[in-house]
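I opened my notebook next to the viewer today and jotted down what I looked up. Here are the entries, in the order I made them.

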Amino acid sequence: MNEEEKYLFDLRGFIVLKNVLQEPQIQDLSQRLESFREHNTSPILGSDRTTFRNEHDPAWSSASLLELGGSYLDLIDLPLITPYLETLLGEHYRLDHDYAKIDSKMPKNEKTLYLHGGGQGSGGPADLVGPSDGGQCFYRYSNGRFFNGLVAVAFELDDVDQRDGGFACIPGSHKSNIGLPAAWRHSKTQAEVPHFVEQVAASAGDAIIFTEACAHGTIPWQGAPDRERRTLFYKYCPHAVAWSPCYYNSNNYPDITSNQQKMLMPPSAYGPHTATENIWQKAQDEQLELQRLRAELSEIKATR
Ligand SMILES: O=C(O)CCC(=O)C(=O)O
């Protein structure tokens, strides 16, 4: 992260990195996403919120884009992104959650701009991030380094032109000391969006890196009816911090590298230390044992 990028991130709370994804990666991500969408039409896919899909879902983990495999696994620790996250979060940061979001003219995808985050208390008690966030989405720069509670990397799979809609924020609001006034929080149409909200244009393959402390949201889509904005969000915390109540289970992804495994660890002050790895492994083993015992029990019940 060069001096200009550091300056702009501190000043505005986000930066746009051009051409982070190459064409074959965009195609692979796109094709895997579209196959998945054939049987899941939700505009939000992935692990953004804790939901149990069925009774067999293990505790603590939720659906994730990582299940789509291929380039979705590469995005965990993309070499081009790593230096930015190390600068913004410190060493041994962790992937906290991920999701894909589709913006389009489809009625169920039409959304109000809901500005959330912002200020030192991350938007206060009325904030979407607020009820579960005791200031977790913090931003600070001191002693020559950045401190962030949650940093998002938004990979765009489609071109998003000025006026289409998509990512928007109030630049600088991550340092605001006063909560966002309620009157400015919601905008149902682009015409209602306050003039100080900046809509960020991006091209397919670009990545927007932003601190969740910056007041941000999605501008209602006004792109042509046959166009969509498909964005993949990978969100990272310092190693001792969690936003999501769900943790990844790296055992679900046998093909990932040991560095990626470390980045999927649950939060702890130790970071990816052998001690925490052993504890996590024991929790996974016990979960498997529990599943085995439950299966045995239902077999016994069925044969009675
Ligand atoms: O559509 C966007 O880029 C904003 C998404 C958002 O509000 C969030 O990630 O918290």
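Predicted model: local features only at pLDDT ≥ 70, side-chain atom pairs only at ≥ 80, totals over all residues.

**Ligand shell**

I began with the ligand and asked which element gives the most to the shell around it: β12 does, with three residues.

I then listed the residues around the ligand, and they are K101, A152, A154, G166, F167, H216, G217, T218, T231 and F233. Sorting by element, I found that β7 (151–156), β8 (166–169), β12 (216–219) and β13 (229–237) each give two or more residues to this shell. By residue class, the shell divides into four nonpolar, five polar and one charged.

**A three-stranded sheet**

Next I followed β12 and β8 into their sheet. I noted an open sheet of three strands in the order β10-β8-β12, with antiparallel pairing. Its edge strands are β10 (198–199) and β12, each pairing on one side only.

I looked up the β8 and β12 pair as well, and four bridges join these strands in the antiparallel sense.

**Nonpolar core**

How many residues does the largest nonpolar core have? I read off 60, and those with the most contacts inside this core are F14, V151, F155, I208, I209, L232 and Y236. The elements giving two or more residues to this core are β1 (14–17), α4 (82–89), β3 (94–103), β7, β8, β11 (207–211) and β13. β7 gives the most, with five residues.

**A stop at P79**

I then moved to P79, which lies in the loop between α3 (71–74) and α4. Is P79 buried or exposed? P79 has 7 C-beta neighbours inside 10 Å, so I put it down as exposed; the cut-off for that class is 12 or fewer. I also checked P79 against V20: they are 59 residues apart along the chain, and their C-alpha atoms are separated by 9.7 Å.

**Whole chain**

Last, I wrote down the totals. I counted six helices and 13 strands in the chain. Of the 304 residues in the chain, buried ones make up 36%. Taking contacts between residues at least 6 apart in sequence, I noted that 83% join residues at least 24 apart.

How values were computed:
Residues numbered from 1 in each chain as written. Near = placed C-beta within 6 Å. Nonpolar A, V, L, I, M, F, W, Y, C, P; charged D, E, K, R; others polar. Core = buried A, V, L, I, M, F, W, Y, C linked by C-beta atoms within 7 Å. Buried ≥ 20, exposed ≤ 12 C-beta atoms within 10 Å, placed from the backbone. Contact = placed C-beta atoms within 7 Å. Pairing = 2+ DSSP bridges.
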